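Work through the exercises below with the sequence and the model at hand. Each task is followed by a solution in steps.

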Amino acid sequence: SAIRQIQEETLKQQRYNSSFFMHISTATKDHRFEKLVVDKILNAWTNEVTANKGQGLLADFDIAYTDMLASNCAGNQLGEICIFMPSHDDVWKRFLKIFEDGAYIVQIVNSETKGDLQGKDGQLKLTSPLNIFIGGFKLDRGITIDHMLGFMYGLSPQTKQTDAVLQHHRTHALLHEVVVVGTEKPAVGVVIVEEDITPLSG
């Protein structure tokens with residue numbers, strides 16, 4: 001999120017709100033527990049940033065930045081993307097600012113959700129620089145999420161449900177080609193070929 005914020009502000013002079021979603025259970029009680037866990041992690045990071053300027057997070061940050069830098073370089077070399085990678089120091093400063101400002105929100109999207117989380121375009125509203133959505137059926141059926149940088153998906157159906165898998169993929173916006181890899185227990189994995197979605201470009 002910090003990387004994409006810097007890229008968009010530099011190239012387009014516009015604010016960038018990113019998203020992430022967790023879909024690992026369909027039970028509403030599980031969603032409440034998952035939010036509790038995510039909130040605890042984010043609160044711990046916020047406290048670390050406030051108390052120690054994030055030094056306890058720096059080693060893990062360095063690993064993540066190195067991986068993202070390699071992805072960006074590979075994408076540029078292959079001609080898949082053409083976008084700069086912000087410096088380590090700039091991304092670190094933005095990362096710290098996200099937690100200093102509390103610029104993130106964790107929301108549950110399920111049958112118990114009150115209020116309208118969708119905008120006029122049908123997509124979930126991104127009201128913060130970093131938006132994390134947790135949910136089940138309501139989250140993966142008929143909803144598209146803009147600027148999604150990552151997701152956690154962990155359902156384990158007992159029968160093949162290719163239509164459900166394709167429904168889940170529409171969450172990520174336009175897909176030119178989808179290749180489904182499965183066995184008798186389809187939770188083994190899914191490979192998605194997405195021609196319009198490239199590393200660190202959207």
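A residue is called exposed when its relative accessible area is over 50%, buried when under 20%, and partly exposed in between. The model is predicted.

**Exercise 1.** Classify Lys53 as buried or exposed, and state where Lys53 lies.

Solution. Start with the position: Lys53 is in the loop between helix 2 (28-52) and helix 3 (58-78). Next, take the relative accessibility of Lys53, which is 64%, so the residue counts as exposed. Then check the backbone: phi of Lys53 is near 55 degrees, a positive value in a residue other than glycine.

**Exercise 2.** Do the steps again for His147.

Solution. His147 belongs to the loop between helix 5 (137-140) and strand 4 (148-153). Its relative accessibility is 26%, so His147 counts as partly exposed. Phi of His147 is near 55 degrees, again a positive value in a non-glycine residue.

**Exercise 3.** Assign the geometry of the ring pairs Phe61 with Trp92 and Trp92 with Phe95.

Solution. Planes under 30 degrees apart count as stacked, and over 60 as edge-to-face. There are eight aromatic pairs in the structure. For Phe61 and Trp92, the centres are 4.9 Å apart and the planes stand at 65 degrees, so this pair is edge-to-face. The pair links distant parts of the chain, with Phe61 in helix 3 and Trp92 in helix 4 (residues 88-100), 31 residues apart. For Trp92 and Phe95, the centres are 5.6 Å apart and the planes are at 20 degrees, so this pair is stacked. Both residues lie in helix 4, three residues apart, about one turn of the helix.

Key:
Residues numbered from 1 in each chain as written. Predicted model: local features only at pLDDT ≥ 70, side-chain atom pairs only at ≥ 80, totals over all residues. Heavy atoms only, no water. Helix = DSSP H or I, 4+ residues; strand = E, 2+ residues; numbered from the N terminus. Buried < 20%, exposed > 50% of the residue type's maximum accessible area, 1.4 Å probe, protein only. Phe/Tyr/Trp six-rings, centres within 6.5 Å; stacked < 30°, edge-to-face > 60°.
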